[in-house]
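Welcome! Please have a look at it first.

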Amino acid sequence: MVERRLTGMIAAAVVLIVLFIVWDAFKPTPRRSAARDPDADAPLRIAEPPPAPPSPLPQPTPPTTTSQGTTVPAGPNGREPSYIELLARSETRRRIRSSGSSTYLGEMLETGGDSTLRRWENRTTAPIHVWFAPTHAANFQPAFIEAIKRAFGLWTNAGVPVRFDFEGDSTNAEVTVKWRIQFEIERTGQTDVTWDENGHIQGATITLATFDPKGRPMDSDDIRIVATHEVGHLLGLDHSKDSTDIMFPTAKVRDLSDRDVRTVMLLYQLTPGNLR
Ligand SMILES: [Zn+2]
């Protein structure tokens, strides 16, 4: 009786051992599979916010629509320019080249570095608001304000399709004219311009000095000449290499040259923005 029970127990133990061996040999269980599967929680990982540590999964390559070259800069919003945009840029470059030396837009593109045309949108019906910041700068004279308005008028009378309004205050100012006594460097005026990704100028600040770098007080005629040069920058012009143009870096002339007028008129016929 005891022997039979013992045999039964041994048989049961053998069956159990065999079962364990078989189990161990053939257990491709879902547990191991889940731990190894890299895609198991991929959707959650992708949905993680950017600060999460980088996923060890290989990242998909972003789609490219043009050649991998770096010579085609991105268009507005960081995207690559379309074929139509590239054609338009090419046509703009052709028009600038064909203007030859009758304008200095070509020089601007050579020396500008970033090959971007900047200008205001046509503003003949909605004038650009100009605000004269109040000042206590030594040697400031109210006649300076009239001199600056005449400088703006030289450009608008030449046919530039923008108008200026001098009646507003600081709240709606798109252009601010402000004063300082003197610049530390060799200049009497400075214009800082901001523009959007399409090359449209959004605002500007013109700073004028009431004394020249040698300490000589400026008179209203000096102010008009400097302001005429600075309004050229405000409109989107860069410097000319010809000393007979008002946009020569240290203006030598008192009025716009024909070339200044041709250059600004061509600029306002072209689509601004990157030209490469
Ligand atoms: Zn200048």
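This is a predicted model: local features need pLDDT of at least 70, side-chain atom pairs count only at pLDDT 80 or more; totals for chains, interfaces and linings use all residues.

Residues are numbered from 1 along each chain as its sequence is written.

**The whole protein**
- The protein has 8 helices and 7 strands, which are DSSP runs numbered from the N terminus (helices are H or I, at least four residues; strands are E, at least two).
- Of the 276 residues, 22% are buried, meaning that 20 or more other C-beta atoms, placed from the backbone, lie within 10 Å of the residue's own.
- Among contacts between residues at least 6 apart in sequence, 71% join residues at least 24 apart; two residues are in contact if their C-beta atoms, placed from the backbone, lie within 7 Å.

**The sheet**
- Five strands form an open sheet with mixed pairing, in the order β3-β2-β4-β6-β5; two strands pair if DSSP finds at least two bridges between them.
- At the edges are β3 (162–165) and β5 (189–195), each of which pairs on one side only.
- From one strand to the next, the twist averages 25 degrees, with angles running from 0 to 180 degrees between N-to-C directions and axes being lines fitted to C-alpha atoms, for helices over the stretch in contact.
- β5 and β6 (residues 201–209) run antiparallel and are joined by 7 bridges; aspartate 192 has threonine 205 as its bridge partner in β6, and valine 193 has alanine 204.
- The hairpin of β5 and β6 has 5 residues between the strands, and glycine 199 takes a positive phi near 85 degrees there.

**Helices on the sheet**
- Helix α6 (residues 143–157) packs on the sheet and touches β2 (123–132), β3 and β4 (175–180), with its direction at about 165 degrees to that of β3.
- Helix α7 (residues 220–235) also packs on the sheet, where α7 touches β4, β5 and β6, and its direction makes about 20 degrees with that of β5.

**Where the two helices meet**
- The axes of α6 and α7 are 8 Å apart, and the helices pack at an angle of about 45 degrees.
- That angle makes α6 oblique to α7.
- Residues of α6 in this contact include Phe144, Ile148 and Trp155, and those of α7 include Ile223, Ala227 and Val231.

Notes
Angles under 35 degrees count as roughly parallel, over 145 as roughly antiparallel, 65 to 115 as roughly perpendicular and the rest as oblique. A residue is buried if 20 or more other C-beta atoms lie within 10 Å of its own, exposed if 12 or fewer, and partly exposed in between; C-beta atoms are placed from the backbone.
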